[in-house]
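Hi,

Here is the structure I promised to pass on. Please open it and follow along with the notes below.

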Amino acid sequence: MNIFEMAQIPLNKAIEVMHLDAGAAGIIAAPERTLEVAIPVKMDDGTTKVFTGYRSQHSTILGPAKGGVRYHQNVNMDEVKTLAFWMTCKCAVAGLPYGGGKGGIIVDPAKLSKRELEALTRGFIDKIAPIIGEKMDIPAPDMNTNAQIMGWMMDEFSKLKGQYEPGFITGKAIAVGGSLGRTAATGRGVVVAALEALKLKGIAPADATAAVQGFGNVGSWTAKLFCDAGVNVVAVSDVYGAIYNPDGLDCYAVDEHVKKTGSVVDYPGSKPITNAELLALKVTVLAPCAMELQITAENADAVQAEIIAEGANGPTTPDADTILDAKGIMVVPDILANGGGVTVSYFEWVQNLYRYFWCEEEVIEKQTAMMVKAFKEVHAKAEEYKVNMRVAAYIVALNSLVEAMKIRGII
């Protein structure tokens, strides 16, 4: 089962317990618009190669479509459509005035020169320009795309429009309208959600321990911000291995070690453990921030954490959810816990529209407030409907969408 099939299971449960109107469910099930484009690129060897690109706008019920663009050889329309649907739900849970969008190009960017990559990027924007814009559809980085690629996209769109258009895209460098606080935003959201879960359980951060799977952007910031909050981080991991110290790790020092060596492995004073051992540690909070499908029916029973805060997309399978529920483990789902990234992307968009930029402290304060509010709303629905937090998150999203549909006269 992939993450897209997984998303349908709690969604269908939410539809069932809400007794959602069949018409509304039908609208939410289908994307409003999809576009497939052919992008010719003159390669460095003089030949011309045609690449296939996609953009799906799942919903504009709550506002413009919003979502990343990924460059990967396995991108396909079904994947893009499903990710756009997921973004609709994530934005609705976070309380953002956005619908969901997603895009992609079938390409292995590692096989392109910088010039070829720029030409492909500009060609993609040329092809999808009629359906994007700061009040229509706002792209962002995703798998294998970054601030540089966003900069090329913004420049190309600005040329097409004949004016500076920073608000049409997020995830940009600070110099061209990016937002302070964006780099740490997803990890910060995971930590904010975990701290709210600790409050519900009456556990002070100083009395809590955490293990973080994954030490990329999301995992490293999750670990460092846990340390800042006073939580004792006892284990972290990356693709090369995991490290453990029952007395706690200095996650900023671990980050420096990674920058020097390329891995968390062999960090001084730590003990090597396996990924399976990390997931089974007796800790207060487990934060899976690596890949999907990490906690499954095979290993869920070994999990001893009191709280799981999902930084990755789809790290827990539905079968594992059933086991974790029976064990009384609170799972703060990805659709809520990793919404910090799109929340600060929203702040970037707002700042671009106003041409007025906030200090980092203001970004952090606003992000924290929005994520605490979202957590409380999801938890309230979990209590009301007697469901887990994952199903409750979809209930919150569906309620927002249905209310807007009714007010707009769509249903």
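Thr170 is buried, because its relative accessibility is 0% and the cut-off for buried is under 20%. Bear in mind that this is a predicted model. Thr170 sits in the loop between α5 (147-161) and α6 (185-200). What does its side chain make a polar contact with? The partner is the side chain of Lys66, at 2.8 Å.

Now look at α5. This helix has 15 residues. From first C-alpha to last, α5 reaches 21 Å, close to the 21 Å expected at 1.5 Å a residue. At its start, a side-chain oxygen of Asn146 comes to within 3.2 Å of the backbone nitrogen of Gln148. After the helix comes Gly162, with a positive phi near 75 degrees.

Which residues of α5 are buried? Among them are Ile149, Met150, Trp152, Met153 and Phe157. What do the buried residues of α5 pack against? They meet β3 (65-72), α4 (114-128) and β5 (137-141).

Last, the surface. Ile27, Ile410 and Ile411 form a nonpolar patch there. Together they have about 210 Å² of accessible area. Ile411 lies in the segment after α14 (389-408).

Best wishes

Technical notes
Residues are numbered from 1 along each chain as its sequence is written. This is a predicted model: local features need pLDDT of at least 70, side-chain atom pairs count only at pLDDT 80 or more; totals for chains, interfaces and linings use all residues. Side-chain values use heavy atoms; hydrogens and water are left out. Patches are made of residues with over 30% relative accessible area and no salt bridge: like charges are joined within 9 Å, nonpolar side chains (Val, Leu, Ile, Met, Phe, Trp, Tyr) within 5 Å. Accessible areas come from the Shrake-Rupley method with a 1.4 Å probe; for residues, only the protein chains shown count as cover. A salt bridge is a side-chain nitrogen of Lys or Arg within 4 Å of a carboxyl oxygen of Asp or Glu. Helices (H or I, at least four residues) and strands (E, at least two) are DSSP runs, numbered from the N terminus. Buried means under 20% relative accessible area, exposed over 50%, partly exposed in between (1.4 Å probe, protein chains only). A polar contact is a pair of N or O atoms within 3.5 Å; within protein, one must be able to donate a hydrogen and the other to accept it, and residues adjacent in sequence count only if both atoms are side-chain atoms. The expected span of a helix is 1.5 Å times one less than its number of residues. Contact means heavy atoms within 4.5 Å.
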